[in-house]
Amino acid sequence: MTKPEGPPAAAPTTRPGPTDPAAMALGWMHTARFLTTAPTLEFLPPHDHPEIAFVGRSNAGKSTCINTLTQQKRLAFASKTPGRTQSINLFSLGKQGITDAVLADLPGYGYAAVPKQDKLRWQQVMANYLVSRENLRAIVLLCDPRHGLTELDEILLEVIRPRVEEGLKFMLLLTKADKLNRSEQAKALSIARLQAGGGEVKLFSALKKQGVEETALQLWKWTHPETA
Ligand SMILES: Nc1nc2c(ncn2[C@@H]2O[C@H](COP(=O)(O)OP(=O)(O)OP(=O)(O)O)[C@@H](O)[C@H]2O)c(=O)[nH]1
Ligand SMILES: [Mg+2]
């Protein structure tokens, strides 16, 4: 006697299909490839694509965040040693090799061991970049919530304020969220929301992959407003 056949196995409903926006955004992020590195602004190539800058204190987790979002281990240099990223590194994004956005990993600021002259020089490069980079579409400010926003972060917010008022997109990511418990996370989030003056704030953890999909989707929407 043959065993009666059961109903055909239902197709898994949780598997992300091409219509899942978060999966689509992550797929897009995964296309990231190295474009160029530049010690100062003059060496940055002009291009016609929206650029997203990752900025923040040294050691805040910028390079790690880029590696996590792009699901690539060593695209951007991440290191325990603060000050690891010393140039502006650009990465192209876009399916089928057709670039439709660029990510910029910027050197961190505020690292105490850096000689004062170098610090001042870098702050100038950074301010120039933030004020004058023409196709800058969005800024992702990364902040370790255990330290909170520092004086240099506040200065950066002031520098970009006029551009944000003119439509530059802004997001504050609270990194290394895995180091905080739930109530600390909630507290950090509400303090940061106050400080960011109503801007977008998210918790992010490279270790726990927290906030990755939401961030990828937000960056997709900001760089593809026609599809949002
Ligand atoms: N636990 C934990 N550690 C993290 C996370 N993100 C980054 N780190 C660690 O923080 C350190 C600094 O990370 P980077 O990504 O190099 O920081 P950065 O902001 O690029 O630093 P600079 O290039 O010096 O400006 C590294 O040891 C990372 O492994 C995270 O989400 N969780
Ligand atoms: Mg870095």
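Predicted model: local features only at pLDDT ≥ 70, side-chain atom pairs only at ≥ 80, totals over all residues.
Which residues in α6 are buried?

Residues are numbered from 1 along each chain as its sequence is written, and chains are lettered from A and ligands numbered from 1 in the order in which they are written.

The protein chain has six helices and seven strands. These are DSSP runs numbered from the N terminus, H or I of at least four residues for helices and E of at least two for strands. In sequence order the pattern is α-β-β-α-β-β-α-β-α-β-α-β-α. Of its 228 residues, 36% count as buried. Buried is 20 or more other C-beta atoms within 10 Å of the residue's own, exposed is 12 or fewer, and partly exposed is in between, with C-beta atoms placed from the backbone. Among contacts with a separation of 6 or more, 71% join residues 24 or more positions apart; a contact is two such C-beta atoms within 7 Å.

Now the opening question. In α6, the buried residues are Val212, Thr215, Ala216, Gln218, Leu219, Trp220, Trp222 and Thr223. The helix has twelve residues and reaches 17 Å from first C-alpha to last, close to the 16 Å expected at 1.5 Å a residue. That expected span is 1.5 Å times one less than the number of residues.

Helix α6 (residues 212-223) packs with α1 (residues 21-30), their axes coming within 8 Å and crossing at roughly 75°. Axes are lines fitted to C-alpha atoms, for helices over the stretch in contact, and angles run from 0 to 180 degrees between N-to-C directions. The two helices are therefore roughly perpendicular, a label for angles of 65 to 115 degrees; under 35 is roughly parallel, over 145 roughly antiparallel, and the rest oblique. On the α1 side the contact involves Pro21, Ala22, Ala25, Leu26, Trp28 and Met29, and on the α6 side Glu213, Ala216, Leu217 and Trp220. By class that is nine nonpolar, no polar and one charged residues. Nonpolar here means Ala, Val, Leu, Ile, Met, Phe, Trp, Tyr, Cys and Pro; charged means Asp, Glu, Lys and Arg; the others, Gly among them, are polar.

Next, the core. A nonpolar core is a set of buried Ala, Val, Leu, Ile, Met, Phe, Trp, Tyr and Cys residues joined through C-beta atoms within 7 Å. The largest one has 54 residues, and Phe54, Leu103, Val140 and Leu174 touch the most other members. Strand β5 (residues 136-143) gives the largest share, seven residues. Beyond four places in sequence, Leu103 contacts Ala32, Ile52, Phe54, Ile66, Phe91 and Leu93.

Arg57 lies between β2 (51-56) and α2 (62-70), and is buried, with 23 other C-beta atoms within 10 Å. Its contacts beyond four places in sequence are Gly108, Tyr109, Gly110, Cys143, Thr150, Leu152 and Asp153.

Gln96, not a glycine, has a positive phi of about 55°. It lies in the loop between β3 (88-93) and β4 (101-105), and counts as exposed because it has 5 C-beta neighbours inside 10 Å.

Lys176 also is not a glycine and has a positive phi of about 55°. Its loop runs between β6 (169-174) and α5. Buried or exposed, for Lys176? Buried, because 23 C-beta neighbours fall inside 10 Å.
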